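User: Please pick one part of this model and take me through it closely. I would like its surroundings as well, kept brisk.

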Amino acid sequence: MGVEGTMEYISELLKMRRKKKKKPMQTVALRVTRIDCEGCERKIKHILSGVKGVKSVVVDAKQQKVTVMGYIEPKKVLEAAKSTRKKVELWPYVPYTMVANPYISQAYDKKAPPNMVRKVPDTAFVNETTVDDSYTIMFSDENPNSCSIM
């Protein structure tokens, strides 16, 4: 093998070390409940900005939303946020224009911010709503026994 083979081996090791993949820039949105005061905001901001790769942390107490940007992994950010001893989950809401059927029971949420609904899979159907089919048939124009007042 000799000196020449050893030098090639070392140079290959150094090349592999340099080609370390850099994580892509990501934005992670979290829903953190009970952000009551400025102290809670500072605590969350301090803990999340300590995560490796975080570039910025924005806390919106009114919507109970925390947005973290940087070269990060969502799982690590979620774990760090859970260390604040608050209930934390990934941001479950999307604009209602992004959902095929925004008024089905799974998507509609009273606690959602304005113009937002819960993110639901596209496999949810309109017939999975809370409206019972017997009520729609009862007042149908095609049913002759539907309503005697009509």
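Arg31 and Glu89 join their side chains in a salt bridge, at 3.0 Å from N to O. The term covers a side-chain nitrogen of Lys or Arg within 4 Å of a carboxyl oxygen of Asp or Glu. The model is predicted, so local features need pLDDT of at least 70 and side-chain atom pairs count only at pLDDT 80 or more, while totals for chains, interfaces and linings use all residues. Residues are numbered from 1 along each chain as its sequence is written, and side-chain values use heavy atoms, with hydrogens and water left out.

The two partners are 58 residues apart, Arg31 in strand β1 and Glu89 in strand β4. Helices (H or I, at least four residues) and strands (E, at least two) are DSSP runs, numbered from the N terminus. Arg31 is buried, at 13% relative accessible area. Glu89 is partly exposed, at 27%. Here buried means under 20% relative accessible area, exposed means over 50%, and partly exposed lies in between (1.4 Å probe, protein chains only).

Now the sheet. Four strands make it up, open and antiparallel, in the order β2-β3-β1-β4. The edges are β2 and β4 (88-90); each has a single partner strand, so one side of each has no neighbour in the sheet. Neighbouring strands are turned by 25 degrees against each other on average, direction ignored. Axes are lines fitted to C-alpha atoms, for helices over the stretch in contact, and angles run from 0 to 180 degrees between N-to-C directions.

Strand β1 (residues 26-32) runs antiparallel to β3, joined by six bridges. Strands count as paired if DSSP finds at least two bridges between them. Gln26 faces Gly70 of β3 in this pairing. Strand β2 (residues 54-60) also meets β3 in the antiparallel sense, over six bridges. There, Ser56 has Met69 as its bridge partner, and Val59 stands opposite Val66. β2 and β3 form a hairpin with four residues between them, and Gln64 in the turn has a positive phi of about 55 degrees.

Strand β3 (residues 65-70) has two faces. Val66, Val68 and Gly70 lie on the covered one; Lys65, Thr67 and Met69 lie on the uncovered one.

Helices pack here too. Helix α2 (residues 38-49) touches β1, β2 and β3, and its direction makes about 160 degrees with that of β2. Contact means heavy atoms within 4.5 Å. Helix α3 (residues 74-82) lies across β1, β3 and β4, at about 30 degrees to β1.

Next, the nonpolar core: a set of buried Ala, Val, Leu, Ile, Met, Phe, Trp, Tyr and Cys residues joined through side-chain atoms within 4.5 Å. In soluble globular proteins, nonpolar side chains tend to be buried together. The largest core has 19 residues, of which Leu30, Leu48, Val66 and Val68 touch the most other members. β1, α2, β2, β3 and α3 each supply at least two of its residues. α3 gives the most, with four. Leaving aside neighbours within four places in sequence, the contacts of Val66 include Leu30, Ile44, Leu48 and Val59.

For comparison, the salt bridge count is two. The side chains of Arg118 and Asp109 also meet in one, at 3.3 Å, N to O. Arg118 is partly exposed at 26% relative accessibility, whereas Asp109 is buried at 17%.
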